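Subject: Structure handover

Hello,

Here is the structure I said I would pass on. My notes on what was found in it come after the structure itself.

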Amino acid sequence: MAILSIRKLTKSFGGLTAVANLNMELKKGELVGLIGPNGAGKTTVFNLLTGIYQPSSGSIILEANGEKKELQGQKPYNICKAGIARTFQNIRLFDDLTVLDNVRIAMHQNINYGLISGLFHLPSYKREEKRILEECMELLRITKLDSKADELAKNLPYGEQRHLEIARALAAKPIILLLDEPAAGMNPAETVQLTELIQWIRKKFDLTILLIEHDMSLVMKICERIYVLDYGLLIAEGTPEEIKSNERVIKAYLGEDVSNAGD
Amino acid sequence: MKNLTQKLAPWRKWLFIIITFVLVQLLVQVGIINDYLQATIATICINIILAVSLNLITGFTGQFSLGHAGFMSIGAYVCGLTLLRMPTIWGYLASIVMGALLAAVVGFVVGLPTLRLRGDYLAIATLGMSEIIRIIFINLEITNGAAGLSGIPRFTNWVFLYIFTVGTVLLISNFLKSTHGRACISIREDEIAAEAMGINSTRYKVTAFTIGSLCAGIAGVLYAAYFYYLNPNTFGFLKSIDVLVIVVLGGMGSLSGSVLAAILLAIISTILQDFSDLRMIIYALLLVIIMIFRPQGLMGSKEISMKVFRNLGGLWPARKGEK
């Protein structure tokens with residue numbers, strides 16, 4: 001059963017077509033990779049899926065809990081509410097806030113008290129704040145940031161900032177998690193750790209994950225299926241083995257001339 | 001033991017609030033605080049309400065507003081017009097409610113379209129809106145035009161000033177500790193990330209703006225029923241700048257900074273009364289000097305808490321979760 005269906009999705013910026021006629025499908029519980037050379041349009045796809053860009057044409061349909069929702073043209077916060085959360089390639093944490101507050105903010109739509117209760121700190125405020133504090137600390141434990149809950153996000157080392165982005169996305173309680181280059185800038189040891197984390201949270205939270213990544217060791221290791229984009233066009237899809245030996249993919253990555261020299 | 005100190009904590013805050021109130025009240029009774037000082041205290045309280053509410057909009061939500069005096073003038077005129085017709089305590093109480101609500105409604109209506117703008121554009125738009133409000137008051141017959149309203153009976157006293165000042169600070173500080181307040185702060189930090197995390201940024205910008213306008217309306221009511229006289233030009237661009245100066249000086253994103261700066265600026269201008277010619281020059285110079293040495297404001301984005309006192313004298317035991 002497809003949980004997310006993308007049909008003929010197109011985005012043009014003036015004369016440039018960043019994504020053209022993209023068809024993609026995510027099945028429930030899958031871990032899918034989205035790869036391609038720089039500028040292929042991968043992040044644009046994420047921005048379309050999360051409502052930061054409005055598609056020029058095409059449709060995005062989320063099917064969860066027996067309901068079909070059209071996501072194209074929706075505002076980002078509604079898409080988040082529908083169940084898609086993401087991390088950002090160029091880390092976008094709330095820098096001057098604590099690690100805990102970063103996660104707490106993303107809990108926003110899972111909190112059940114009104115403005116009046118918030119202004120006067122009524123019992124419902126206290127009950128809910130206590131509950132989400134526990135939930136946030138649990139997420140921080142999972143991402144191994146619990147000892148740094150009170151530190152400012154900007155003071156974390158790079159790798160931990162990436163982990164915090166994941167914790168924050170999880171706080172929004174998504175059904176589908178979009179990870180935009182989660183391993184960028186990490187050393188091999190950190191990448192291994194991250195790989196384990198991704199596989200673990202996927203099981204624990206019953207997630208469907210779509211992942212953009214340049215680190216092929218990570219992609220080939222954990223993705224069950226891979227989509228390859230080049231110049232906004234889908235040039236291949238399949239299992240990691242199929243992708244490794246796909247000639248169009250090799251051409252896209254290595255160029256025309258050396259394609260014969262590759263394996 | 002830990003439980004005991006945790007339970008005592010809010011109690012300590014209320015103790016401090018009550019002691020301050022009684023102390024000033026006593027000093028007024030025995031005459032140590034004379035009329036002139038009382039007027040200074042009224043100005044401080046009104047400025048605290050204005051600065052704290054503007055800080056919510058500008059310092060915490062990150063929306064640069066230059067129209068705060070406009071919302072204050074709405075409260076002031078509602079109060080003036082009501083009290084001139086109905087010079088009773090009920091008229092006063094009614095004008096507090098009406099002034100606050102009307103300012104909030106105007107804030108909501110103005111905020112909805114203008115808060116789509118960012119940074120400088122929003123500043124210009126809010127400035128324009130407050131000028132429109134001022135010009136409406138100049139041209140209306142009922143507000144007596146540029147001559148203004150005079151002879152407004154004085155109902156604002158230390159009790160009202162104190163209740164509303166403390167009330168505003170506590171309410172806004174509560175708000176900022178709620179999920180709604182955190183949503184506002186996240187918009188300041190990174191609007192795109194906030195929206196991606198499920199926060200309707202327009203909604204929370206307008207919420208902050210409306211709460212801020214409501215408080216400014218209350219400040220206007222307190223002002224009108226204290227200083228006898230209202231003139232539209234009191235609520236011009238310069239008044240908005242005055243409030244902004246307090247916010248920036250105290251620290252964008254620090255409520256205690258706003259309170260501190262409001263008090264400090266009032267003290268400085270009181271002391272400078274004796275140097276009438278040089279007063280504005282020294283005042284401006286002091287601002288420049290403070291901004292050079294503390295560009296983030298007196299408090300930055302930190303808050304004064306019991307910890308400050310604890311570090312000073314070890315008077316209070318450590319409390320869990322206190323920073």
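Predicted model: local features only at pLDDT ≥ 70, side-chain atom pairs only at ≥ 80, totals over all residues.

Chain A

Chain A has 10 helices and 10 strands. Its radius of gyration is 19 Å, close to the 18 Å that the globule rule gives for 263 residues, so chain A is as compact as a globular protein of that length. Along the principal axes, the C-alpha trace of chain A spans about 70 × 40 × 35 Å. Of the 263 residues in chain A, 41% are buried. If you take the contacts in chain A between residues at least 6 apart in sequence, 65% of them join residues at least 24 apart.

Where they meet, 10 residues of domain 1 of chain A are in contact with nine residues of domain 2 of chain A. On the domain 1 side, helix 7 (residues 188-204) of chain A gives the largest share, three residues. By class, that side of domain 1 of chain A, the one touching domain 2, has seven nonpolar, one polar and two charged residues.

One of the residue pairs here is A:Ile35 with its bridge partner A:Val228, which sits in strand 9 of chain A.

Strand 9 and strand 10 of chain A form a hairpin with two residues between the strands, and in it A:Tyr231 takes a positive phi near 45 degrees. A:Gly232 also lies in the loop between strand 9 (225-230) and strand 10 (233-238) of chain A. Is A:Gly232 buried or exposed? A:Gly232 has 22 C-beta neighbours inside 10 Å, and the cut-off for a buried residue is 20 or more, so A:Gly232 counts as buried. Leaving out residues up to four places away in sequence, A:Gly232 touches A:Thr17, A:Ala18, A:Val19, A:Ala20 and A:Gly41. As for A:Lys251, 19 residues from A:Gly232 along the chain, the C-alpha atoms of the two are separated by 15 Å.

Chain B

Chain B has 13 helices and zero strands. For its 323 residues, a compact globule would have a radius of gyration near 20 Å, and chain B agrees with this because its value is 20 Å. The C-alpha atoms of chain B fill a box of roughly 65 × 55 × 45 Å along the principal axes. Buried residues account for 45% of the 323 residues in chain B. Among contacts in chain B with a separation of 6 or more, 80% are between residues 24 or more positions apart.

Contact between the chains

The contact takes 28 residues from chain A and 22 residues from chain B. On the chain B side, helix 6 (158-176), helix 7 (179-189) and helix 8 (191-196) each supply at least two residues. Helix 7 of chain B gives the most to this side, with eight residues. The residues of chain B that touch chain A divide into nine nonpolar, nine polar and four charged.

The largest nonpolar core

The largest nonpolar core holds 161 residues. Which of them touch the most other members? They are B:Ile49, B:Ala51, B:Ile218, B:Ala219, B:Leu222 and B:Ala225. Domain 1 (2-83 + 174-260) and domain 2 (97-170) of chain A both give residues to this core, so the core lies between them. Returning to chain B, B:Ala225 touches B:Cys79, B:Leu83, B:Tyr92, B:Ile152, B:Arg154, B:Phe155 and B:Thr156, again not counting residues up to four places away in sequence.

Regards

Technical notes:
Residues numbered from 1 in each chain as written. Chains lettered and ligands numbered in written order. Contact = placed C-beta atoms within 7 Å. Helix = DSSP H or I, 4+ residues; strand = E, 2+ residues; numbered from the N terminus. Nonpolar A, V, L, I, M, F, W, Y, C, P; charged D, E, K, R; others polar. Core = buried A, V, L, I, M, F, W, Y, C linked by C-beta atoms within 7 Å. Buried ≥ 20, exposed ≤ 12 C-beta atoms within 10 Å, placed from the backbone. Domains from an automatic or database assignment. Rg over C-alpha atoms; globule rule 2.2 N^0.38 Å. Pairing = 2+ DSSP bridges.
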